[in-house]
Protein chains: 2
Amino acid sequence: MLVCNCKQISSDDVTRMVSGMPPEVEIDRLAEFFKVFGDPTRLRIIYYLSCTELCVHDLSALVGMQQSAVSHQLKILRLNRLVKSRKEGTMVFYSLDDRHVDDLYATALAHIREQ
Amino acid sequence: MLVCNCKQISSDDVTRMVSGMPPEVEIDRLAEFFKVFGDPTRLRIIYYLSCTELCVHDLSALVGMQQSAVSHQLKILRLNRLVKSRKEGTMVFYSLDDRHVDDLYATALAHIREQ
DNA sequence: ATAATACATGAACACATATTCATATAGGAG
DNA sequence: CTCCTATATGAATATGTGTTCATGTATTAT
């Protein structure tokens with residue numbers, strides 16, 4: 001790996017940086033994970049589920065979208081282990097399934113609220 | 001806003017949830033912000049900049065992408081105030097410009113590393 | 001002046017993604 | 001059984017996004 005010498009970065013430093021880099025698989029999973037939060041509809045769903053457990057119908061009423069759209073998004077959230085579901089009769093109740101969600105939410109909110 | 005009564009959620013609770021919901025503009029900015037982290041190339045750039053200040057040429061060598069691609073991504077990072085730039089002659093040095101970046105990175109990494 | 005280097009940017013293209021529509025499945029009521 | 005409700009899912013479509021290519025701008029050197 002060649003690097004220009006504009007700042008005279010030693011090849012040791014380069015080696016350290018490159019080897020400290022998380023493996024590609026992890027970077028990809030990380031990107032995938034952030035992408036899940038990168039959609040307003042999913043963020044609204046996450047917000048409402050942070051208030052209380054909700055069924056799909058209630059969620060779609062609250063976010064003002066069709067049931068199908070909400071189901072599709074819930075599947076993405078489920079696959080990324082951000083929500084879990086519980087079946088009760090014909091209904092499925094969803095709730096948050098990750099203690100990191102609130103942290104991420106709060107940190108990101110702090111960022112965008114700074115000027 | 002109508003909600004089914006499968007869990008007998010009081011209309012007071014609904015009002016509280018709905019009014020506690022961040023305004024649409026904020027949700028959109030939040031999604032936009034997370035979207036910035038939702039790309040492997042940008043995550044790699046962020047990682048290298050978390051090690052040290054770097055010029056565009058070095059960055060493109062490190063991430064193994066064309067200078068143009070890196071410039072495009074740096075613009076996105078700059079517009080979202082995650083990196084700042086400093087000009088020195090013909091070169092432009094980039095560095096991280098947000099104290100929340102490390103937090104987000106660490107929290108998300110903790111999530112994906114759990115099982 | 002010209003040449004060379006560093007970076008930025010617009011256009012184009014390929015690919016991903018969110019929503020809608022239609023339909024399928026599954027459970028409960030009659 | 002049939003009907004209805006709740007949810008899931010595949011296909012289609014419109015929109016968004018990342019990369020490349022070509023080119024533009026700016027600074028330095030000769």
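At 41% relative accessibility, B:Glu32 counts as partly exposed, a class that lies between buried (under 20% relative accessible area) and exposed (over 50%), computed with a 1.4 Å probe on protein chains only. B:Lys35 has a relative accessibility of 37% and is likewise counted as partly exposed. The side chains of these two residues, B:Glu32 and B:Lys35, meet in a salt bridge, with 3.9 Å from N to O; the term stands for a side-chain nitrogen of Lys or Arg within 4 Å of a carboxyl oxygen of Asp or Glu. Both B:Glu32 and B:Lys35 belong to helix H2 (residues 24-37) of chain B, where they are three residues apart, about one turn of the helix. Helices (H or I, at least four residues) and strands (E, at least two) are DSSP runs, numbered from the N terminus.

The model is predicted, and local features need pLDDT of at least 70, side-chain atom pairs count only at pLDDT 80 or more, and totals for chains, interfaces and linings use all residues. Residues are numbered from 1 along each chain as its sequence is written, chains are lettered from A and ligands numbered from 1 in the order in which they are written, and side-chain values use heavy atoms, with hydrogens and water left out.

A:Glu32 forms a salt bridge with A:Lys35, and their closest N and O atoms are 3.8 Å apart. These two residues, A:Glu32 and A:Lys35, are separated by about one helical turn, because they stand three residues apart in helix H2 (residues 24-37) of chain A. A:Glu32 is partly exposed at 42% relative accessibility, and A:Lys35 is partly exposed at 37%.

Another bridge in chain A links A:Glu53 to A:Arg86, with the closest N and O atoms 2.8 Å apart. A:Glu53 sits in the loop between H3 and E1 of chain A and A:Arg86 in strand E2 (residues 83-88) of chain A, so this pair ties together parts that are 33 residues apart in sequence. The relative accessible area of A:Glu53 is 22%, which makes this residue partly exposed; A:Arg86 is partly exposed too, at 33%. Over all chains, the count comes to ten salt bridges. As background, side chains of opposite charge can pair when their charged atoms come close.

On the H1(A) side, A:Arg16, A:Met17, A:Val18 and A:Gly20 meet B:Tyr47, B:Tyr48 and B:Cys51 of H3(B), contact being heavy atoms within 4.5 Å. By class, this contact of H1(A) with H3(B) has five nonpolar, one polar and one charged residues. In this scheme Ala, Val, Leu, Ile, Met, Phe, Trp, Tyr, Cys and Pro count as nonpolar, Asp, Glu, Lys and Arg as charged, and the others, Gly among them, as polar.

Helix H4 (residues 56-63) of chain A is largely enclosed by the rest of the structure, because six of its eight residues are buried. Those buried residues are A:Val56, A:Asp58, A:Leu59, A:Ser60, A:Leu62 and A:Val63. Their packing partners are helix H3 (40-51), strand E1 (54-55), helix H5 (67-79) and strand E3 (91-96) of chain A, together with helix H1 (11-20) of chain B. After H4(A) comes A:Gly64, whose phi is positive, near 70°.

A:Arg81 lies in the loop between H5 and E2 of chain A and counts as partly exposed at 28% relative accessibility. In chain B, B:Arg81 has a positive phi of about 55°, although it is not a glycine. B:Arg81 is found in the loop between helix H5 (67-79) and strand E2 (83-88) of chain B, and its 29% relative accessibility makes it partly exposed.

Finally, B:Glu114 is placed in the segment after helix H6 (100-113) of chain B. Leaving aside residues up to four places away in sequence, B:Glu114 touches A:Arg81, A:Arg99 and A:His100. With a relative accessible area of 28%, B:Glu114 is partly exposed.
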